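Welcome, and thanks for taking a look at this one. Please have the sequence and the coordinates open while you read.

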There are 2 protein chains.
Amino acid sequence: MAETSLDMTKVALIQMRCGPEPEKNFSRAIEFIREAAGKGARIVCLPELFRSQYFCQTEDHKNFNLAEEVPGTSTAAFGELARETGTVIIASLFERRGAGVYHNTAAIIDRDGKLLGKYRKMHVPDDPLYHEKFYFTPGDLGFQSWNTQHGKIGVCVCWDQWYPEAARLTALRGAEIIIYPTAIGWHPSEKKEFGKAQHSAWETIQRSHAIANGCYVAVANRVGHEAPAGGAGIEFWGQSFVCGPDGEVVAKASIDQEEIVMADIDWSRVNEHRTHWPFLRDRRVDAYSGLDRRMID
Amino acid sequence: MAETSLDMTKVALIQMRCGPEPEKNFSRAIEFIREAAGKGARIVCLPELFRSQYFCQTEDHKNFNLAEEVPGTSTAAFGELARETGTVIIASLFERRGAGVYHNTAAIIDRDGKLLGKYRKMHVPDDPLYHEKFYFTPGDLGFQSWNTQHGKIGVCVCWDQWYPEAARLTALRGAEIIIYPTAIGWHPSEKKEFGKAQHSAWETIQRSHAIANGCYVAVANRVGHEAPAGGAGIEFWGQSFVCGPDGEVVAKASIDQEEIVMADIDWSRVNEHRTHWPFLRDRRVDAYSGLDRRMID
């Protein structure tokens, strides 16, 4: 295991396909993390709900059987792996919290194997083929950051990525990189007409979080066409990426291949950027009170 | 004057150079608005502080003489012009509110010539060559929108464009287009190394406001190299643009020419976009309380 630099950290995003067998996805995820660590990665993030195909395409009570406790079997295995490889691991899991209470949860595991904390997806979507409100209770742990042994990280999940409030609160809590496990793609029938604009909007708004908050942003998406319940399914659009504090994309994956996206995080750029573009200095905290309203009408 | 469609409105951004003589800038602004109206524009926006060169490059008490009352001479002239041309006019003015209290203010004038309201720049920068904190008292009218006879518009000014909070509050108040008079450019010594990334960040974050809020965004910048106080000055980078609710740029000006940027605003796209990408539906207003803090540490 290479020694850690205080100034630079290599982050890896695992862009992977997810098949119908959870155990197989899980063991492949382990292999990917080992490979990333071998290449020097010190923070590794898996895509959203990587253990299974994206079951939220339909509302089916049987899918609740995919859930697990957090901490539980998965976090124990990742804890061991983190210790072995010296990596911080972000693992998106389907959490069974109690009878009838399930969350879309990211586990944050430090390099010593300790489960540092959990992020429970705060913004939960419900759209055709993304029936998440059926499965997931909205998160109740708020927006957080964790001072890992490899850097100050924040984690949000998928739909959160559309909300500047989520990124801002995560940054205000100290995150210098905001990491998003995600599962987003095209409805095949819409791809031709709207696909380019949809992807552009998705990349743009996440780059904007980096700009607004002067921090890094890293997004791990899945790839592949999944139609587990028949129908046209979703073509997950890959293109996992890392961008710097000025919003420039510094590493980006393909649209359709499994790959490990690696980027060097230069932590000094966060302070430099926030000093040269002092947006945090000038926030009008006295005038933001309406942000907790649905509309101001 | 063409009749107004209920569904579509043509917006025009006046990208202009600003010379050392305020009266000349003012009369050229009037000409540009007449020309835009002649081409069918119904909402017209001038760049930030178009009446003068960008005096904030230095701290000089003499520059306070450039200020005027709002309402005052300028808004009276624009009121007449609005009535004559049937346009809504957004005019950025250096407001003298009272002894020692000055604002960077946008006047919003309806098509009947009425001064609908004022927006006083809320986020005030202070950076090398942008010494605005010396001149401008922070705005105290908050983030607003106005139901003009040509559409529901919100107005913020320049530095506000970096703040998702400003765009969000403006949208929550009903704006379906957010319009930014601005004055931004390169320090010539930085342009080669950082110019591309700086411009990209600027365009990206404003596109992100359109995406996050499912509304149009329109930005009127000045062009030209100004060094009124000697020194290298600022190369204002033009590139005024309009983008749609998905963040796609639908009209954009050059980097160095005076021009009128025109775009058709299809108001139905706002509701359509907000329904298909229902970000406003899923905001976690119960969990945003920390947004009124500097840091959460």
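Helices (H or I, at least four residues) and strands (E, at least two) are DSSP runs, numbered from the N terminus.

## Loop details

Pro71(A) sits in the loop that runs between β2 (43–45) and α2 (73–85) of chain A. The peptide bond leading from Val70(A) into Pro71(A) is cis, and its omega is near 5°. Chain B has a cis bond from Val70(B) to Pro71(B), with omega near 0°. Pro71(B) belongs to the loop between β2 (43–45) and α2 (73–85) of chain B.

One more backbone feature is worth a look in chain A. Leu49(A) is a residue other than glycine with a positive phi, near 50°. Leu49(A) is placed in the loop between β2 and α2 of chain A.

## Confidence

Please keep in mind that this is a predicted model. Chain A has a mean pLDDT of 96, and 98% of its residues reach 70 or more. For the model, ipTM is 0.97 and pTM is 0.97.

## How the copies are related

## The interface in area and residues

Now for the contact itself. Chain B contributes 51 residues to it and chain A contributes 51 residues. Between them, chain B and chain A bury about 5,200 Å², with 61% of that on carbon and sulfur atoms. Which three residues supply more of the area that chain B buries against chain A than any other three? They are Arg284(B), Leu291(B) and Arg294(B), which supply 13% of that area.

## Polar links across the interface

The rule finds 33 residue pairs in polar contact across the interface of chain B and chain A, both residues being at pLDDT 80 or more. On the side of chain B that touches chain A, the elements giving two or more residues are α4 (164–172) and α5 (188–213) of chain B. The largest share of that side, 10 residues, is from α5(B). Sorted by class, the side of chain B that touches chain A holds 27 nonpolar, 8 polar and 16 charged residues.

Salt bridges also cross between the chains: the rule finds 6 of them at the interface of chain B and chain A. In a salt bridge between Arg168(B) and Glu165(A), the closest N and O atoms are 2.7 Å apart.

## A salt bridge within chain A

Over all chains, the structure holds 46 salt bridges. One pair to inspect is Asp264(A) and Lys10(A), whose side chains meet in a salt bridge at 2.9 Å, N to O.

Terms used
Residues are numbered from 1 along each chain as its sequence is written. Chains are lettered from A and ligands numbered from 1 in the order in which they are written. Side-chain values use heavy atoms; hydrogens and water are left out. Contact means heavy atoms within 4.5 Å. Buried area is the accessible area (1.4 Å probe) that two parts lose on being put together, summed over both. A salt bridge is a side-chain nitrogen of Lys or Arg within 4 Å of a carboxyl oxygen of Asp or Glu. A polar contact is a pair of N or O atoms within 3.5 Å; within protein, one must be able to donate a hydrogen and the other to accept it, and residues adjacent in sequence count only if both atoms are side-chain atoms. Ala, Val, Leu, Ile, Met, Phe, Trp, Tyr, Cys and Pro count as nonpolar, Asp, Glu, Lys and Arg as charged, and the others, Gly among them, as polar. pLDDT is the predictor's confidence in each residue, from 0 to 100.
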